[in-house]
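User: Got a model loaded here. Can you walk me through it?
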Amino acid sequence: MTMRTRTLGTTGPQVSALGLGCMGMSALYGEADRAESVATIHAALEAGVTLLDTGDFYGMGHNEMLIGEALRAAPAARREQALVSVKFGALRDPDGGWSGYDGRPAAVRNFAAYSLQRLGVDHIDVYRIARLDPDVPIEETVGAIAELVEKGYVRHIGLSEVGADTIRRAAATAPISDLQIEYSLISRGIEDEILPATRELGIGITAYGVLSRGLISGHFTADRQLGAGDFRAMSPRFQGDNLRHNLNLVEALRKIAGQKGVSVAQIAIAWVLSRGEDIVPLVGARRRDRLTEALGALDVTLDGADLAAIEEAVPPGAAAGDRYPAAQMARLES
(Lines give C-alpha, C1' and ligand atoms only; values in the text may rest on other atoms or scores of the structure.)
Protein backbone atom coordinates (compact mmCIF):
# COMPACT_ATOMS: atom_id res chain seq x y z
CA MET A 1 0.00 0.00 0.00
CA THR A 2 1.34 3.38 -1.04
CA MET A 3 -0.35 6.38 0.54
CA ARG A 4 -1.17 8.98 -2.06
CA THR A 5 -2.01 12.61 -1.36
CA ARG A 6 -4.77 14.94 -2.45
CA THR A 7 -5.47 18.63 -1.86
CA LEU A 8 -8.59 19.96 -0.17
CA GLY A 9 -9.67 22.36 -2.88
CA THR A 10 -7.57 25.24 -4.12
CA THR A 11 -7.21 26.87 -0.71
CA GLY A 12 -6.87 23.85 1.58
CA PRO A 13 -4.00 21.70 2.77
CA GLN A 14 -2.50 18.65 1.13
CA VAL A 15 -3.78 15.54 2.92
CA SER A 16 -3.62 11.78 2.58
CA ALA A 17 -5.89 10.24 -0.05
CA LEU A 18 -7.91 8.64 2.76
CA GLY A 19 -8.86 10.32 6.03
CA LEU A 20 -9.88 8.74 9.33
CA GLY A 21 -13.32 9.63 10.65
CA CYS A 22 -13.16 9.16 14.42
CA MET A 23 -16.81 9.63 15.39
CA GLY A 24 -17.55 5.94 15.94
CA MET A 25 -14.83 5.77 18.58
CA SER A 26 -17.01 7.89 20.86
CA ALA A 27 -20.64 7.94 19.79
CA LEU A 28 -23.59 6.64 17.78
CA TYR A 29 -22.34 3.12 17.01
CA GLY A 30 -22.37 1.49 20.43
CA GLU A 31 -19.49 0.87 22.78
CA ALA A 32 -15.92 1.23 21.52
CA ASP A 33 -12.68 0.13 23.13
CA ARG A 34 -10.65 3.20 24.09
CA ALA A 35 -7.26 1.50 23.91
CA GLU A 36 -8.07 0.00 20.51
CA SER A 37 -9.33 3.39 19.30
CA VAL A 38 -6.03 5.06 20.25
CA ALA A 39 -4.10 2.19 18.66
CA THR A 40 -6.15 2.60 15.47
CA ILE A 41 -5.36 6.31 15.29
CA HIS A 42 -1.67 5.52 15.78
CA ALA A 43 -1.81 2.84 13.08
CA ALA A 44 -3.46 5.30 10.70
CA LEU A 45 -0.75 7.89 11.31
CA GLU A 46 1.94 5.25 10.86
CA ALA A 47 0.39 4.24 7.52
CA GLY A 48 0.56 7.82 6.30
CA VAL A 49 -2.98 8.97 7.04
CA THR A 50 -2.81 12.66 7.88
CA LEU A 51 -6.45 13.78 8.10
CA LEU A 52 -8.32 13.07 11.35
CA ASP A 53 -11.96 14.12 11.42
CA THR A 54 -14.03 14.80 14.54
CA GLY A 55 -16.83 16.92 15.97
CA ASP A 56 -16.91 18.70 19.30
CA PHE A 57 -20.31 17.07 19.98
CA TYR A 58 -19.15 13.48 19.36
CA GLY A 59 -19.60 12.05 22.82
CA MET A 60 -19.93 15.63 24.14
CA GLY A 61 -16.19 16.28 23.82
CA HIS A 62 -15.07 12.68 24.34
CA ASN A 63 -13.86 12.29 20.76
CA GLU A 64 -11.72 15.42 20.82
CA MET A 65 -10.13 14.34 24.10
CA LEU A 66 -9.51 10.88 22.64
CA ILE A 67 -7.74 12.36 19.62
CA GLY A 68 -5.77 14.68 21.88
CA GLU A 69 -4.67 11.67 23.94
CA ALA A 70 -3.65 9.75 20.81
CA LEU A 71 -1.68 12.69 19.42
CA ARG A 72 0.19 13.24 22.68
CA ALA A 73 1.21 9.58 22.74
CA ALA A 74 2.24 9.45 19.07
CA PRO A 75 5.86 9.90 17.92
CA ALA A 76 6.63 13.56 17.29
CA ALA A 77 6.98 13.11 13.54
CA ARG A 78 3.58 11.43 13.28
CA ARG A 79 1.95 13.97 15.57
CA GLU A 80 3.24 16.84 13.43
CA GLN A 81 1.86 15.33 10.22
CA ALA A 82 -1.66 15.08 11.64
CA LEU A 83 -4.27 17.54 10.39
CA VAL A 84 -7.43 17.77 12.49
CA SER A 85 -10.81 18.69 11.00
CA VAL A 86 -13.46 19.74 13.54
CA LYS A 87 -17.20 20.20 13.16
CA PHE A 88 -19.03 22.40 15.67
CA GLY A 89 -22.42 23.87 16.35
CA ALA A 90 -24.59 20.91 17.38
CA LEU A 91 -26.41 21.51 20.66
CA ARG A 92 -26.73 18.54 23.01
CA ASP A 93 -28.32 17.88 26.40
CA PRO A 94 -27.28 15.64 29.32
CA ASP A 95 -29.62 12.90 28.11
CA GLY A 96 -27.77 12.76 24.79
CA GLY A 97 -30.53 14.56 22.91
CA TRP A 98 -30.13 17.03 20.07
CA SER A 99 -31.61 20.52 20.14
CA GLY A 100 -30.48 22.27 16.98
CA TYR A 101 -27.40 24.17 15.84
CA ASP A 102 -25.79 27.45 16.85
CA GLY A 103 -23.84 29.37 14.22
CA ARG A 104 -23.73 32.79 15.91
CA PRO A 105 -20.26 34.40 15.82
CA ALA A 106 -20.03 34.42 19.63
CA ALA A 107 -20.88 30.72 19.68
CA VAL A 108 -18.27 30.00 16.99
CA ARG A 109 -15.56 31.56 19.14
CA ASN A 110 -16.81 29.73 22.23
CA PHE A 111 -16.90 26.32 20.52
CA ALA A 112 -13.39 26.86 19.14
CA ALA A 113 -11.96 27.76 22.53
CA TYR A 114 -13.19 24.50 24.04
CA SER A 115 -12.03 22.41 21.08
CA LEU A 116 -8.51 23.82 21.23
CA GLN A 117 -8.34 22.90 24.91
CA ARG A 118 -9.74 19.38 24.52
CA LEU A 119 -7.52 18.58 21.55
CA GLY A 120 -4.45 20.07 23.21
CA VAL A 121 -3.46 22.01 20.08
CA ASP A 122 -2.80 25.65 19.31
CA HIS A 123 -4.79 25.63 16.06
CA ILE A 124 -7.48 23.64 14.24
CA ASP A 125 -6.59 22.72 10.67
CA VAL A 126 -10.12 22.73 9.19
CA TYR A 127 -13.10 24.18 11.07
CA ARG A 128 -16.73 23.97 9.98
CA ILE A 129 -20.26 24.16 11.33
CA ALA A 130 -21.80 20.69 11.27
CA ARG A 131 -25.15 21.81 9.88
CA LEU A 132 -26.50 25.16 8.78
CA ASP A 133 -28.07 27.21 11.56
CA PRO A 134 -31.36 28.34 9.94
CA ASP A 135 -31.45 31.43 12.17
CA VAL A 136 -27.97 32.71 11.30
CA PRO A 137 -26.83 33.66 7.78
CA ILE A 138 -23.93 31.50 6.63
CA GLU A 139 -22.00 34.71 5.93
CA GLU A 140 -21.95 35.49 9.66
CA THR A 141 -20.83 32.01 10.67
CA VAL A 142 -18.11 31.82 8.02
CA GLY A 143 -17.05 35.38 8.80
CA ALA A 144 -16.49 34.39 12.43
CA ILE A 145 -14.34 31.44 11.37
CA ALA A 146 -12.40 33.78 9.07
CA GLU A 147 -11.60 35.95 12.11
CA LEU A 148 -10.22 32.84 13.84
CA VAL A 149 -8.07 32.22 10.76
CA GLU A 150 -6.70 35.77 10.99
CA LYS A 151 -5.81 35.19 14.65
CA GLY A 152 -4.08 31.87 13.91
CA TYR A 153 -6.53 29.62 15.75
CA VAL A 154 -7.86 28.04 12.53
CA ARG A 155 -5.98 27.29 9.31
CA HIS A 156 -8.77 26.54 6.82
CA ILE A 157 -12.55 27.00 6.59
CA GLY A 158 -14.83 24.11 5.68
CA LEU A 159 -18.54 23.50 5.24
CA SER A 160 -20.70 20.48 6.05
CA GLU A 161 -23.95 19.16 4.56
CA VAL A 162 -25.08 22.32 2.79
CA GLY A 163 -26.53 22.93 -0.66
CA ALA A 164 -25.14 24.69 -3.71
CA ASP A 165 -26.60 28.12 -2.87
CA THR A 166 -25.12 28.14 0.63
CA ILE A 167 -21.78 26.96 -0.77
CA ARG A 168 -21.73 29.92 -3.16
CA ARG A 169 -22.66 32.42 -0.44
CA ALA A 170 -20.01 31.04 1.90
CA ALA A 171 -17.34 31.12 -0.81
CA ALA A 172 -18.19 34.76 -1.53
CA THR A 173 -17.49 35.56 2.13
CA ALA A 174 -14.14 33.79 2.64
CA PRO A 175 -12.00 31.09 1.00
CA ILE A 176 -13.55 27.66 1.58
CA SER A 177 -11.25 24.63 1.51
CA ASP A 178 -13.77 21.84 1.32
CA LEU A 179 -17.27 20.55 1.89
CA GLN A 180 -17.83 17.53 4.09
CA ILE A 181 -20.85 15.57 2.93
CA GLU A 182 -22.09 12.01 2.63
CA TYR A 183 -21.11 10.32 -0.61
CA SER A 184 -21.09 6.63 -1.44
CA LEU A 185 -22.38 4.16 -3.97
CA ILE A 186 -25.82 4.37 -2.36
CA SER A 187 -25.75 8.09 -1.43
CA ARG A 188 -25.13 10.00 -4.63
CA GLY A 189 -27.29 13.08 -4.13
CA ILE A 190 -24.35 15.48 -4.46
CA GLU A 191 -23.78 14.64 -8.10
CA ASP A 192 -26.56 16.79 -9.58
CA GLU A 193 -25.88 20.26 -8.16
CA ILE A 194 -23.50 20.20 -5.21
CA LEU A 195 -20.48 18.55 -6.82
CA PRO A 196 -20.63 20.79 -9.92
CA ALA A 197 -20.75 23.85 -7.63
CA THR A 198 -17.75 22.79 -5.55
CA ARG A 199 -15.76 22.03 -8.67
CA GLU A 200 -16.65 25.37 -10.21
CA LEU A 201 -15.44 27.12 -7.05
CA GLY A 202 -12.33 25.00 -6.46
CA ILE A 203 -13.69 23.48 -3.23
CA GLY A 204 -12.72 19.93 -2.31
CA ILE A 205 -14.95 17.19 -0.89
CA THR A 206 -14.31 15.13 2.20
CA ALA A 207 -16.76 12.28 1.77
CA TYR A 208 -18.13 10.62 4.88
CA GLY A 209 -20.32 7.53 4.99
CA VAL A 210 -18.40 5.90 2.14
CA LEU A 211 -19.47 2.51 3.50
CA SER A 212 -22.91 3.84 4.48
CA ARG A 213 -22.32 3.24 8.20
CA GLY A 214 -21.20 -0.31 7.53
CA LEU A 215 -24.21 -1.19 5.40
CA ILE A 216 -22.14 -1.73 2.24
CA SER A 217 -18.99 -2.89 4.03
CA GLY A 218 -19.71 -6.54 3.32
CA HIS A 219 -19.71 -7.27 7.06
CA PHE A 220 -23.26 -6.30 8.00
CA THR A 221 -25.86 -9.07 8.20
CA ALA A 222 -29.65 -9.03 8.37
CA ASP A 223 -29.72 -10.73 11.77
CA ARG A 224 -27.30 -8.35 13.47
CA GLN A 225 -28.68 -6.95 16.72
CA LEU A 226 -28.08 -3.23 17.22
CA GLY A 227 -27.89 -1.69 20.68
CA ALA A 228 -30.05 1.19 21.86
CA GLY A 229 -27.13 3.60 21.51
CA ASP A 230 -26.47 2.62 17.90
CA PHE A 231 -27.69 5.22 15.37
CA ARG A 232 -28.39 2.48 12.85
CA ALA A 233 -31.22 1.13 15.01
CA MET A 234 -33.19 4.23 13.90
CA SER A 235 -31.78 4.61 10.40
CA PRO A 236 -34.33 3.91 7.65
CA ARG A 237 -31.83 2.01 5.52
CA PHE A 238 -31.31 -0.55 8.29
CA GLN A 239 -35.01 -1.33 8.83
CA GLY A 240 -37.01 -4.37 7.68
CA ASP A 241 -37.56 -4.61 3.94
CA ASN A 242 -35.21 -1.69 3.34
CA LEU A 243 -32.36 -3.59 4.95
CA ARG A 244 -33.07 -6.76 3.00
CA HIS A 245 -33.19 -4.79 -0.26
CA ASN A 246 -29.95 -2.97 0.50
CA LEU A 247 -28.11 -6.13 1.49
CA ASN A 248 -29.11 -7.61 -1.88
CA LEU A 249 -27.24 -4.70 -3.46
CA VAL A 250 -24.23 -5.61 -1.34
CA GLU A 251 -24.37 -9.19 -2.61
CA ALA A 252 -24.34 -7.93 -6.19
CA LEU A 253 -21.31 -5.81 -5.31
CA ARG A 254 -19.67 -8.80 -3.60
CA LYS A 255 -19.64 -10.72 -6.89
CA ILE A 256 -17.69 -7.92 -8.57
CA ALA A 257 -15.30 -7.63 -5.65
CA GLY A 258 -14.72 -11.37 -5.69
CA GLN A 259 -13.81 -11.29 -9.36
CA LYS A 260 -11.13 -8.71 -8.57
CA GLY A 261 -9.91 -10.53 -5.48
CA VAL A 262 -10.77 -7.67 -3.11
CA SER A 263 -13.31 -7.12 -0.34
CA VAL A 264 -16.66 -5.40 -0.69
CA ALA A 265 -15.46 -2.55 1.51
CA GLN A 266 -12.36 -2.07 -0.61
CA ILE A 267 -14.28 -1.86 -3.87
CA ALA A 268 -16.82 0.56 -2.33
CA ILE A 269 -14.05 2.85 -1.07
CA ALA A 270 -12.15 2.54 -4.37
CA TRP A 271 -15.30 3.65 -6.20
CA VAL A 272 -15.40 6.88 -4.17
CA LEU A 273 -11.67 7.40 -4.80
CA SER A 274 -12.34 7.01 -8.54
CA ARG A 275 -14.81 9.89 -8.59
CA GLY A 276 -12.11 12.56 -8.70
CA GLU A 277 -8.85 13.83 -7.23
CA ASP A 278 -10.85 16.50 -5.39
CA ILE A 279 -12.59 13.87 -3.21
CA VAL A 280 -11.03 12.49 -0.01
CA PRO A 281 -12.96 9.56 1.49
CA LEU A 282 -13.19 9.37 5.28
CA VAL A 283 -13.12 5.82 6.62
CA GLY A 284 -14.75 5.27 9.98
CA ALA A 285 -12.59 2.38 11.21
CA ARG A 286 -12.71 1.82 14.96
CA ARG A 287 -10.32 -1.13 14.92
CA ARG A 288 -6.95 -1.77 13.32
CA ASP A 289 -8.16 -4.71 11.25
CA ARG A 290 -10.91 -2.60 9.68
CA LEU A 291 -8.39 0.18 9.06
CA THR A 292 -6.04 -2.23 7.30
CA GLU A 293 -8.89 -3.42 5.08
CA ALA A 294 -9.87 0.15 4.22
CA LEU A 295 -6.31 1.15 3.37
CA GLY A 296 -6.19 -1.75 0.94
CA ALA A 297 -8.61 0.21 -1.26
CA LEU A 298 -5.67 2.41 -2.26
CA ASP A 299 -4.27 -0.54 -4.23
CA VAL A 300 -7.52 -1.24 -6.08
CA THR A 301 -7.65 0.02 -9.65
CA LEU A 302 -11.06 0.23 -11.29
CA ASP A 303 -11.08 0.29 -15.09
CA GLY A 304 -13.98 1.23 -17.33
CA ALA A 305 -15.42 -2.27 -17.31
CA ASP A 306 -15.25 -2.43 -13.51
CA LEU A 307 -17.02 0.90 -13.14
CA ALA A 308 -19.72 -0.13 -15.60
CA ALA A 309 -20.29 -3.38 -13.70
CA ILE A 310 -20.53 -1.49 -10.40
CA GLU A 311 -23.01 0.98 -11.90
CA GLU A 312 -25.14 -1.90 -13.14
CA ALA A 313 -25.05 -3.66 -9.77
CA VAL A 314 -25.73 -0.52 -7.72
CA PRO A 315 -27.23 2.17 -9.98
CA PRO A 316 -27.96 5.69 -8.70
CA GLY A 317 -31.01 5.74 -6.47
CA ALA A 318 -30.91 2.00 -5.86
CA ALA A 319 -30.91 2.21 -2.06
CA ALA A 320 -34.12 1.74 -0.10
CA GLY A 321 -34.77 4.28 2.65
CA ASP A 322 -33.37 7.72 3.41
CA ARG A 323 -29.90 8.09 4.91
CA TYR A 324 -31.33 9.73 8.08
CA PRO A 325 -34.67 9.58 9.91
CA ALA A 326 -37.26 12.03 8.59
CA ALA A 327 -36.68 14.71 11.26
CA GLN A 328 -32.97 14.87 10.45
CA MET A 329 -33.51 14.76 6.70
CA ALA A 330 -35.70 17.86 7.06
CA ARG A 331 -32.70 19.80 8.43
CA LEU A 332 -30.42 18.99 5.48
CA GLU A 333 -30.00 21.19 2.45
CA SER A 334 -30.17 19.54 -0.94
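User: Arg168: buried, partly exposed or exposed?
Analyst: This is a predicted model. In it, Arg168 has 37% relative accessibility, so it counts as partly exposed.

User: What does Arg168 form a salt bridge with?
Analyst: Glu200. The closest N and O atoms are 3.1 Å apart. The pair links distant parts of the chain: Arg168 is in helix α6, Glu200 in helix α7, 32 residues apart.

User: And Glu200, buried or exposed?
Analyst: Exposed, because its relative accessibility is 56% and the cut-off is over 50%.

User: How many salt bridges does the structure hold?
Analyst: 21. One of them joins Lys260 and Asp306, with the closest N and O atoms 3.0 Å apart. Lys260 lies in helix α8 and Asp306 in helix α11, so parts 46 residues apart in sequence are tied together.

User: Is Asp306 buried or exposed?
Analyst: Buried, at 12% relative accessibility. Lys260 is partly exposed at 32%.

User: Switching to the strands. How many close into a barrel?
Analyst: Eight, in the order β3-β4-β5-β8-β9-β10-β11-β12, with parallel pairing. Neighbouring strands are turned by 30 degrees against each other on average, direction ignored.

User: What packs on that sheet, touching β4 and β5?
Analyst: Helix α2, residues 62-73. Its direction makes about 150 degrees with that of β4.

User: Last one. Which residues of α10 are buried?
Analyst: Leu291, Glu293, Ala294 and Leu295. Their cover includes β3, α1, α9 and β12.

Technical notes. Residues are numbered from 1 along each chain as its sequence is written. This is a predicted model: local features need pLDDT of at least 70, side-chain atom pairs count only at pLDDT 80 or more; totals for chains, interfaces and linings use all residues. Side-chain values use heavy atoms; hydrogens and water are left out. Two strands pair if DSSP finds at least two bridges between them. Helices (H or I, at least four residues) and strands (E, at least two) are DSSP runs, numbered from the N terminus. Axes are lines fitted to C-alpha atoms, for helices over the stretch in contact, and angles run from 0 to 180 degrees between N-to-C directions. Contact means heavy atoms within 4.5 Å. Buried means under 20% relative accessible area, exposed over 50%, partly exposed in between (1.4 Å probe, protein chains only). A salt bridge is a side-chain nitrogen of Lys or Arg within 4 Å of a carboxyl oxygen of Asp or Glu.
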